[in-house]
Each structure stands twice: as structure tokens, then as C-alpha cells.
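Let's take a walk through this structure together. Keep the sequence and the 3D view at hand as you read.

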Amino acid sequence: MKKHTTRSLRHYKLNEKKKPLHMLTCYDFQTAQLLNETELDMILVGDSLGNVILGYDTTVEVSLETMILFSKAVKKGASEKFVVADLPFGSYSSINKGLDSAVKLFQQSNVEALKLEGAYPHELKLIERLTQIGIPVMGHIGLTPQSVHELGGYYTHGKDEASKNKLMTEAMNLEKAGCFAIVLECVEETLATEITKNLSIPTIGIGSGSKTDGQVLVINDLLHIGKNDPPKFCQPIANLYQEKRKLIENYLKR
Ligand code: KIV
């Protein structure tokens, strides 16, 4: 499969002839090597590594140094994939700080693009500046886990008129600022479909229905790697937690 670029991704819209874009998270070298051999479109080194790898309660605790470390390992294993890395909480709280953090993460990890959460004016300005200096940006709206404390929990967004209008405006502003794609996390399904129709760049949904141009999932949820059940919107294709546990128990009986 030919490696994606921002040129192949920027105009990728779901239609009868096209499959949705598939994106999975990845946090380590060996899994990256495996994904590199598949038809996966994009890899995300998500700050969800804070939850599933480091056992943090929220992604707020993830630092820029941690994102650099994990992104480097993934990119080393997945040279043939378009890899996106998350800018973590606090690393883009001002335009100048965001520019410094983004250059550091992009240059040191060698990934193809960065993702950041939100669409406030300083974030839109930052996205404009980053794209101008050659750093492609994926947007992320709806449930933005770095703001979980401000949002007051994890829930579906875009259910009332005010929230719908806000999300539609944010999506359009992110496209205008230069994003090549936008993650819609836990956005009410009909709104996610409407946003998808209104944009010329692809929407990548998670918990936002099946009509977005692509889908992103946390690989640990898809393979049920962890002890806890994955979120309701993810139908796991295996239960590696139980399988690995059985294998270890059998080994210990030898
Ligand atoms: O960090 C992450 O894994 C993400 C996805 C859930 C979109 O941002």
C-alpha cells in the first residue's frame, strides 16, 4: 500500500467507492512494526498512552518529553505509515509555547503530523503558524480529554442547539486555519454527519457514528488488551487480556 501524505489525505471524503480511512493508536516499536505491514491508513501516537500505558487517571499528566519518547519509538517501527503525534496538555497554552513544543516534537520524533485539541482563537492562530512553517496539523473537537476537568466528565457533545452551533463553527474554523483532517470525538451522530458534509477535509470519528470519513480507535480497546471493558462505542475484535492471561497460567502449570 502506498504511504499516505497530506495531499492524499486532505481531500479524502467517504463515498460509495471509498472505504473509510482507518486510524489506530500505537505506542511502541514492535506494534508499530506490525501495523507497518498492514493496510492501515494512519497511526496516532495518542496521549491516551497516559491512560493505557502509564496508568494515569487522565491525559493531563502526559508531558512533552513522554510524547517525544513514545513517538520516536513508533515512527522507528512504522516508516511506511503516516504517523500523527499528540501535542500534550499544557504544551500549547500560548502560541509561542505551542510553536516551541510542536517544533521539538515534530523534529525529534520524525512523525508526519501533529494533533492538538480545541479551536479557541489562540489554537487557530497556532495551527495557521504551524502549517506555514511546514508542520501539518490534525484538529480534534467534541470530547477533548485534555479538558476533562473543565468539561466535567466524558460525554457526548452536540446534543443541544448551542453545542451544535459551537462544534460546526469550530470545525469550519479548523479547516480554514489549515488542518488537513479533524478528529470528532463523541460528537452526536447526526451532527458528525452534517459536519462531515460541510467540510472539504476528512473527519475522523471516534464514538461519533459511522458516517465520518474515517474512524480512529485506541488499539488497546480494539484488541481488549486492558483489564477493563472498552468504551461502548468500540466493539473489540479479541480479548487479548483473557487470552494472554490463560497462556501465562498454562505456562505456569508446566
Ligand atoms: O489520544 C488519543 O488516543 C486520541 C484519540 C482517542 C482520538 O486522541
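**Starting from helix α8**

The buried residues of α8 pack against α6 (121-132), β5 (137-142), β6 (181-185) and α9 (189-198). Before going further, a word on what you're looking at: this is a predicted model, in which local features need pLDDT of at least 70 and side-chain atom pairs count only at pLDDT 80 or more, while totals for chains, interfaces and linings use all residues. Residues are numbered from 1 along each chain as its sequence is written, and side-chain values use heavy atoms, leaving out hydrogens and water.

A few terms will keep coming back. Helices (H or I, at least four residues) and strands (E, at least two) are DSSP runs, numbered from the N terminus. Buried means under 20% relative accessible area, exposed means over 50%, and partly exposed is in between, with a 1.4 Å probe and protein chains only. Contact means heavy atoms within 4.5 Å.

Back to α8, then. This helix takes in residues 161-177, which makes 17 residues, and it reaches 24 Å from its first C-alpha to its last, close to the 24 Å expected at 1.5 Å a residue (the expected span is 1.5 Å times one less than the number of residues). Its buried residues are S163, L167, M168, E170, A171, L174 and A177. At the start of α8, a side-chain oxygen of D160 comes to within 3.2 Å of the backbone nitrogen of A162. That's a polar contact, meaning a pair of N or O atoms within 3.5 Å; within protein, one must be able to donate a hydrogen and the other to accept it, and residues adjacent in sequence count only if both atoms are side-chain atoms. Just after α8, G178 takes a positive phi of about 120°.

**Rings and a charge**

F82 lies in strand β3 (residues 82-86) and F180 in the loop between α8 and β6, so the pair ties together parts that are 98 residues apart in sequence. Both F82 and F180 are buried.

Another ring to find is that of Y12: K18 lies over its face, at 4.6 Å from the ring centre. A charge sits over a ring if NZ of Lys or CZ of Arg is within 6 Å of the ring centre and within 35 degrees of the ring normal.

**Helix α4 and S71**

Now turn to α4, residues 64-77, where you'll find S71. S71 itself has a relative accessible area of 0%. Leaving aside neighbours within four places in sequence, S71 is in contact with V45, A85, L105, S109 and V111.

**Stops in the loops**

T38 sits in the loop between α2 (29-36) and β2 (42-45) and, at 30% relative accessibility, counts as partly exposed. Its side chain reaches the backbone oxygen of L35 at 2.7 Å. T38 also touches M1 and K81, not counting residues up to four places away in sequence.

N110, in the loop between α5 (95-109) and β4 (113-115), has a phi near 70°, a positive value in a residue other than glycine. H224 has a positive phi of about 45° although it is not a glycine, and its loop runs between α10 (219-222) and α11 (240-253). Are they buried or exposed? N110 counts as exposed, at 56% relative accessibility, while H224 counts as buried, at 7%.

**Stepping back**

The chain's secondary structure comes to 11 helices and eight strands. Of its 254 residues, 49% count as buried.
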